[in-house]
Amino acid sequence: MPRLPLLLLLLWGAGSHGFPAATSETREQDVEMVQKYLENYYNLNSNGKKVERQRNGGLITEKLKQMQKFFGLRETGKPDAETLNVMKQPRCGVPDVAQFVLTPGNPRWENTNLTYRIENYTPDLSRAAVDQAIEKAFQLWENVTPLTFTKVSGGHADIMISFVRGDHRDNSPFDGPGGNLAHAFQPGGGIGGDAHFDDDERWTTDFQNYNLYRVAAHEFGHSLGLSHSTDIGALMYPSYIFSGDVQLSQDDIDGIQAIYGPSQNPIQPTGPQTPEVCDSKLTFDAITTIRGEMMFFKDRFYMRTNPFYPEVELNFISVFWPHLPNGLHAAYEVADRDEVRFFKGNKYWAVKGQDVLYGYPRDIYRSFGFPRTVKSIDAAVSEEDTRKTYFFVANKCWRYDEYKQSMDAGYPKMIAEEFPGIGDKVDAVFQKGGFFYFFRGTRQYKFDPKTKRILTLLKANSWFNCRKN
């Protein structure tokens, strides 16, 4: 089950490869935060009184487990480090389990031609930038439904949009910078459909702070009748994650079309799907070791395994490396330089920890000496002992000397000649314990480079502790 990272790889701190242990005594401020979070998003009813941990332990435990289940965390019922981390992340103000109730049942707009009005503007952006972000956010939903959205400049609109601070008289006050970023109400009369953005936040049009287009697109999903999704790849996931591009996942599309029906386009739009780590048909774009761990890459996502934790962490690549592209083609680690190199097309990026090094991306021709006929790298792996790096391109492999910073003579060679039994195409490869692990489709080959023999044939996702494959 996917998990959120502990504040961007706490375990990657110097000299540490383990998750921090939860303290025996949760700090007083954390106790208050837990209670407020559960009240706001998980319908904990404390009547405004401080909930004592021991006296009401059963109620708190139940709500914590509910929250942990929603986010794919271990259901401990305790405010452990992972749980506190998720609670501290910026998010949508709409509850995860107790929705704003305006009308009974599942509210929807009966009229498919909806209007919206921007009542006021944030000082963080120009009026034109706000108008564009809001228009684009509505366009995402318009593209997959029969709905249309028209901006009006006065009077009452179906969806009223405003930037406000603190208590703005809708019984859902904002909380200052961070935390609760925005909220919207389900379809209905009066305040129904309206979207409010916290003007104590800094709104942007890029990856810094909070991208207005990204948040608005999420909130308008609520304005149309959607609740939160447990799919981390969905736009309707409650925590704020900006992956560089704003798009509806298949989960979002399925949800909104269940309410309003399909798009009127002759070709029905589709969206990306979040990888399921235990899907027996799972394949990978790239794999690499990073500081003793393994990271698997697929589309917009990484999957990370950790020897200290049995579950697989799944999240957006942009959470760690906002400057890397999605859909990576290859990756490998240069361990003695504490450096990982990522490839896409004829470009590559070098990173150390979470930082993309200065001067990247660079092209593969000047750096490695590839001929211009090579347009992209399929897979790459570096031998720690010899400092030789193998690059796989179609049915050939190249060998690069990291010491000499040049290609070895006699290459490229056919993959079938250099690595017998692997075949003529490699999707991904990494080294561990002196062995190479080659991936092609849903298959994985454990290969001994010394004897040049395949030792074991495995499923591609065998590293994920799946009970069934």
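Let's start with two neighbours: S4 and S5 pair in the antiparallel sense over three bridges, where strands are DSSP runs of E with at least two residues, helices are runs of H or I with at least four, and both are numbered from the N terminus. Pairing here asks for at least two DSSP bridges between the strands. One of these bridges puts His183 together with His196 in S5. What you're looking at is a predicted model, so local features need pLDDT of at least 70 and side-chain atom pairs count only at pLDDT 80 or more, while totals for chains, interfaces and linings use all residues. Residues are numbered from 1 along each chain as its sequence is written, and side-chain values use heavy atoms, with hydrogens and water left out.

Now widen the view. S4 and S5 belong to an open sheet of five strands, in the order S2-S1-S3-S5-S4, with mixed pairing. Strand S2 (148–151) and S4 stand at the edges with a single partner strand each, so one side of each has no neighbour in the sheet. From one strand to the next, the twist averages 20°; axes are lines fitted to C-alpha atoms, for helices over the stretch in contact, and angles run from 0 to 180 degrees between N-to-C directions. Helix H4 packs on this sheet and touches strand S1 (113–118), S2 and S3, and its direction makes about 160° with that of S1. Contact, by the way, means heavy atoms within 4.5 Å.

Next up is helix H5, residues 212–223. Its 12 residues reach 16 Å from the first C-alpha to the last, close to the 16 Å expected at 1.5 Å a residue; the expected span is 1.5 Å times one less than the number of residues. Is H5 buried or exposed? Here 12 of the 12 residues are buried, so H5 is largely enclosed by the rest of the structure. Buried means under 20% relative accessible area, exposed means over 50%, and partly exposed lies in between, using a 1.4 Å probe and protein chains only. Among the buried residues are Arg214, His218, Glu219 and His222, along with Leu212, Val215 and Phe220. They pack against helix H4 (127–142), and also against strands including S3 (159–164), S4 (182–184) and S5 (195–198).

Both ends of H5 deserve a look. After the helix comes Gly225, whose phi is positive, near 120°.

Four strands line up as S8-S9-S10-S11, with antiparallel pairing. Strand S8 (286–290) and strand S11 (309–316) are the edge strands, each pairing on one side only. On average, neighbouring strands in this sheet are turned by 20° against each other, direction ignored. S8 is joined to strand S9 (residues 293–298) by five bridges, and Thr288 stands opposite Met295 in S9.

Then there's a hairpin. Four residues lie between the two strands, and Lys452 in the turn has a positive phi of about 55°.

Finally, step back to the whole chain. It has nine helices and 25 strands, and buried residues make up 53% of its 469 residues. Of the contacts with a separation of 6 or more, 56% are between residues 24 or more positions apart.
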